Amino acid sequence: MLRASLRQVSAALKEGRVTPTELCQQCLSLIKGTKFLNAYITIAEETALKQAEASEERYKRGQPLGVLDGIPVAVKDNFNTAGIETTCASNMLRGYISPYNATVVQKLLDQGAVLLGKTNLDEFAMGSGSTDGVFGPVRNPWSYSRQYKEKSVPKSHSEDKESNWVITGGSSGGSAAAVSSFTCFAALGSDTGGSTRNPAAHCGVVGLKPTYGLISRHGLIPLVNSMDVPGILTRCVDDAAVVLGSLAGHDPKDSTTIQDNFKPFELPSLTDVSKLSIGIPKEYHVPGLSGEILALWSKAADLFQNAGAKVLEVSLPHTRYSIVCYHVLCTAEVASNMARFDGLEYGHRSDMNESTESMYAATRREGFNDVVRGRILSGNYFLLKQNYEKYFVKAQKVRRLIANDFVKVFRSGVDVLLTPTTLSDAAPYKEFIKEDNRTRSAQNDILTQAANMAGLPAINVPTALSERGLPVGLQFIGRSFQEQQLLTVAKWFEKQVQFPMIQLEEVKGHDRDVFQHKKSASFS
């Protein structure tokens with residue numbers, strides 16, 4: 001049952017083939033069995049079982065709240081959850097319990113979803129590996145898959161166990177690992193520059209970043225207010241559409257959300273793609289893109305063309321400036337947002353009491369890691385009076401040019417853009433940490449952050465396994481607020497490629513048979 005899709009499990013719950021409590025217990029058991037992945041920071045076992053029992057009562061009365069009733073989900077630990085610790089994987093918020101739920105969390109609970117716990121991340125979502133949080137790095141479930149183990153050749157058995165594992169990507173690596181390892185059916189991430197799509201690509205799951213303003217940010221601890229979007233991680237495109245339907249729409253607590261009512265939709269099974277126009281942005285052929293991913297990208301374009309779609313090369317000329325522009329805007333907003341963590345109202349407070357200034361300084365030194373402090377320093381530099389016009393204002397102007405590039409391409413008749421999501425498959429942890437966080441983020445956000453700066457919807461679809469037996473995904477970028485079209489195209493592509501299901505072997509205290517099922521791979 002754990003390997004089924006969200007819709008299939010929902011049907012099984014309605015038919016009484018499984019109860020919400022049984023499902024919840026299976027997931028909690030598996031979370032314990034895969035503890036070595038470090039995907040979760042907090043497991044809300046008691047709360048989850050109470051929610052499952054309430055769901056069970058509703059099913060007995062024949063009054064389920066909807067498709068999500070009784071479905072186990074997980075939430076990235078930068079969304080506020082009432083009664084459950086919210087840490088942002090930082091010493092600054094360790095022990096903090098919010099008095100309210102983020103809007104997206106509340107919407108899940110209102111639909112009857114069962115919240116299993118909070119997932120691991122890079123501290124304050126600043127990173128692209130899920131390696132820089134205070135609770136340690138997240139391990140990619142595919143490190144322990146039969147597919148990867150058959151291809152990797154460790155020097156010794158001990159090295160295989162201790163250092164041959166690969167990263168999940170980030171910063172929503174815990175959520176991606178949780179979905180990939182079958183411990184939940186859907187998870188929330190956040191996406192500022194690719195933080196949902198990047199780990200989705202590395203963990204072989206679907207990662208959706210909706211249009212900016214379609215989903216409320218209220219209760220998401222902000223990184224970059226003008227780019228942050230709650231992201232959705234699931235095992236198939238259909239499931240992402242279900243979760244989106246439950247979360248989208250206006251929120252009076254978030255003035256940036258759309259005013260119009262959002263109508264949930266069911267994705268049609270597209271059979272004719274001849275009316276589709278797929279754009280291939282030439283600027284996404286960037287230095288560092290692996291030959292393997294380039295070949296996969298080309299093969300995907302051929303797949304659409306052979307099915308009758310119009311595939312054409314397009315240009316987004318200001319893309320080459322986007323990563324630098326993103327860095328300036330990101331750090332400037334980080335500096336502003338992190339100012340609230342001063343040791344006075346909530347969070348960590350230093351014992352230093354010589355003066356208010358020394359207490360501030362000590363609190364921030366003790367509470368933030370080097371990555372967060374570094375971004376705050378950069379942002380404050382860009383916001384200095386003598387630098388403001390030169391950096392921040394100029395970056396805002398370039399951001400408008402980047403957004404206009406997308407507008408022009410979509411106005412030319414292109415429906416959806418097809419690009420790589422990442423430069424390569426997941427890096428081994430020991431290789432990944434040789435580079436500093438800033439360098440890694442600049443490399444790993446290069447293909448994803450432009451969609452955030454333009455506010456456009458984008459989705460990662462797992463596409464094939466690399467030569468090393470690790471997942472590789474491709475990204476589709478759609479028109480603003482045209483999620484239905486974007487997801488319909490993604491669903492068609494997903495059906496064509498038939499991405500294989502993980503065969504996870506290293507499971508402690510759980511039935512291994514859960515992981516042995518797989519689809520046939522026809523696209524590699």
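This is a predicted model: local features need pLDDT of at least 70, side-chain atom pairs count only at pLDDT 80 or more; totals for chains, interfaces and linings use all residues.
View 1. Glu-15 is exposed, with a relative accessible area of 55% (buried is under 20%, exposed over 50%, and partly exposed in between, using a 1.4 Å probe and protein chains only). Residues are numbered from 1 along each chain as its sequence is written, and side-chain values use heavy atoms, with hydrogens and water left out.

**View 2. Helix 9 against helix 18.** Helix 9 (residues 237–247) and helix 18 (residues 483–497) pack at about 160°, their axes 9 Å apart. Helices (H or I, at least four residues) and strands (E, at least two) are DSSP runs numbered from the N terminus; axes are lines fitted to C-alpha atoms, for helices over the stretch in contact, and angles run from 0 to 180 degrees between N-to-C directions. That angle makes helix 9 roughly antiparallel to helix 18 (under 35 degrees is roughly parallel, over 145 roughly antiparallel, 65 to 115 roughly perpendicular, and the rest oblique). Val-237, Asp-238, Ala-241 and Leu-244 of helix 9 meet Glu-483, Leu-487, Ala-490, Lys-491 and Glu-494 of helix 18, where contact means heavy atoms within 4.5 Å. Within this contact, Lys-491 and Asp-238 join in a salt bridge (3.1 Å, N to O). The pair links distant parts of the chain, 253 residues apart, and Lys-491 counts as buried at 15% relative accessibility.

**View 3. Helix 11 across helix 13.** Here helix 11 (residues 322–338) and helix 13 (residues 370–383) pack at about 105°, with axes 7 Å apart. That makes helix 11 roughly perpendicular to helix 13. The contact includes His-327, Val-328 and Met-338 of helix 11, and Arg-375, Phe-382 and Leu-383 of helix 13.

**View 4. Asp-415 and Arg-479, a bridge between loops.** Asp-415 forms a salt bridge with Arg-479, the closest N and O atoms being 3.8 Å apart. Asp-415 sits in the loop between helix 14 (388–411) and strand 9 (416–420), and Arg-479 in the loop between strand 11 (471–478) and helix 18, so the pair ties together parts that are 64 residues apart in sequence. Asp-415 counts as buried at 11% relative accessibility, while Arg-479 counts as partly exposed at 25%.

**View 5. Lys-107, buried without a salt bridge.** Lys-107 belongs to helix 4 (residues 103–110). This lysine is buried yet has no salt bridge, and the nearest side chain of opposite charge, Asp-251, is 6.8 Å away (Lys and Arg count as positive, Asp and Glu as negative; His and the chain ends are not counted). Leaving aside neighbours within four places in sequence, Lys-107 is in contact with Ser-246, Leu-247, Ala-248, Gly-249 and His-250.

View 6. The peptide bond from Gly-170 to Ser-171 is cis, with omega near 10°. Ser-171 lies in the loop between helix 6 (157–162) and helix 7 (173–180). In the loop between helix 7 and strand 4 (186–191) comes Phe-182, which has a positive phi of about 70° although it is not a glycine. Phe-182 counts as buried, at 1% relative accessibility.

Conventions: A salt bridge is a side-chain nitrogen of Lys or Arg within 4 Å of a carboxyl oxygen of Asp or Glu.
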